[in-house]
Amino acid sequence: MNYEQPGNPYLNPYLAGFLLGLTLLASFLILGTGLGASGGLARLSAWCGLCINPEQILNSEYFGAWGAQPLKYYLVFMLAGILVGGFVSAVLNRRVRIQTERGASYSAGKRLLLALLGGIIAGFASRLARGCTSGMALTGTALLTTGGVAFLLATFAGGYLTAYIFRRQWHD
Amino acid sequence: MIETIYSSNSLSSVNAFLISLVIGAAFGWCLEQAGFGSSRRLAGIFYFRDMAVLKVMFSAVVTAMLGLGFAFSLGVIRPEAIYIPETILGAQILGGFIFGIGFVMSGWCPGTAVVGAVSGKFDAVVFLFGAILGSYAFNYAYPLIEPFYTWGDLGISHIYQVAGFEFGDFALLVTVVAVIAFWISELIEEGFSFRRIAERSSGLWAFSVFMLIGAVMVMALGRSGTTGYKVVETGIYASEVLSHVEKGEDHIEPEQVARELIAGQKRIVLADLRTRQEFDEWHIPGSVHVPVTNAVKVLERYRDYDLVVLVSNGPVHPGQAWVVLQIFGYKNARVMADGLHGFFERVLKPVSLRMEVLSHSQVKEINHWRTMFLGSGMAVGSASPPGVGTE
């Protein structure tokens, strides 16, 4: 809790959570679906693939099902929204700072390598589980689906069991 | 009752894209406000340094869950108007576990990394690049890992049903667990010093009370049973319902029921409206017990089935329940003509006791029905049908 952070202090976590819950509720009542982030990223991935090797992607079983225009999907627009909303909030509260976030005694190169590997793992796993922290843990648990709750518990299990291995990147 | 973009089947419209953009912006704003543009803060939960992830996540879950509870029980929205993510239990436990490793390794998850990236975090940009690569790798690996992708497919599954609870009761339980978790988080952050907790003003007292009151109200509304089903403007005309009657679209013959059940092509549920005692004595294999007074509510979960067959001893109670179900838009409901009496007479009666002349194929079919519904195959409960019951 005692690390330095630029700009205004964060919002009270319970209030932030309450507002996030209202956002999720609005999504349920207006869109009829929950929130999602990894779906949009995967669509972006399919789109990149189409730029490089369209035939192979269109014939692949998983990305192929999304057709030739994978970006025409509501979750892609939601992802763009997260970007805009996050940026506006970060700018207004003077929290934008170019940096590689890590503990003072940890090298930036190693930190970025962990971020890359973690990203690959999280990207892959979110496809397997059909969602990430937003689409499965948050949305699924709010709807009390068995899979959502199971995903949430499994995520924490995986995180806590391996947290010790990655602790040094936060040592100051 | 409001319609959603999903229920009106227009998630690919420009309108839907704009709404998604706005909701996404609110989502991103909340994440940034919560401090989730920082990987150090996100990873904090795994080292018990900063419990913000748990506080924010559970506050959001409870808020949305209770909000939905109110919306459903006050009849604001039909449950089917919301897309429920399917449960593929094995894939989600395995995927969740692997995801957790990626989360703690990088300090990011997809949504928060987008917020981190626009806050200037280079590690978040690298994470997003990795996540795109990981999705790409998944596409390649898909033919190999398909068995895992479909491992433990339960379809739409709700944890409260699995645990044998009603929605409202379970929602209260989740709220209580969340409030306890909030206080434990505060204790962890303050090094288990109750004095410092007392000094800290996080508004948690007010929030706890507010959430618990909401949860008790949702439970009470759920228990009252009738609230969500006041007859309101449903857009269904009496003439429309009556024309179904005129055309005979209100019922289905017992033989047809038997054939559909055995064919197994359609999603069918037999709703047995008799008393629990009668149901326990004998019922057609595969039927569910539905108390008449709760029929509209209990059948909610079968709304998207191809066929809901209403069954009782005779056709009178099902016929009356059918009319009420029509008012609530159950276009898939049918009365089983002649009721269970008809089912015994026309489906289950042994060939030797039948007066009419039967062709060879009819004999074969009747014998098949008897094995399927009375034999060891599908039978549930007692193997012999009860005597003539009372309506």
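Buried means under 20% relative accessible area, exposed over 50%, and partly exposed in between, with a 1.4 Å probe and protein chains only. This is a predicted model, in which local features need pLDDT of at least 70, side-chain atom pairs count only at pLDDT 80 or more, and totals for chains, interfaces and linings use all residues. Residues are numbered from 1 along each chain as its sequence is written, chains are lettered from A and ligands numbered from 1 in the order in which they are written, and side-chain values use heavy atoms, without hydrogens and water.

By these limits Glu253(B) is partly exposed at 32% relative accessible area, and Arg346(B) is partly exposed at 24% relative accessibility. The two form a salt bridge with closest N and O atoms 2.6 Å apart; the term requires a side-chain nitrogen of Lys or Arg within 4 Å of a carboxyl oxygen of Asp or Glu. The whole structure holds 22 salt bridges over all chains.

Another salt bridge joins the side chains of Lys55(B) and Glu189(B), at 2.9 Å from N to O. Lys55(B) is in helix α3 of chain B and Glu189(B) in helix α8 (residues 167–189) of chain B, so the pair ties together parts 134 residues apart in sequence. Helices here are DSSP runs (H or I, at least four residues), numbered from the N terminus. Both Lys55(B) and Glu189(B) are buried.

Between the chains, Thr23(A) touches Ile23(B), Ala26(B), Phe27(B) and Cys30(B), leaving aside residues up to four places away in sequence; contact means heavy atoms within 4.5 Å. Thr23(A) lies in helix α1 (residues 13–31) of chain A and counts as buried at 9% relative accessibility.

Technical notes
Helices (H or I, at least four residues) and strands (E, at least two) are DSSP runs, numbered from the N terminus.
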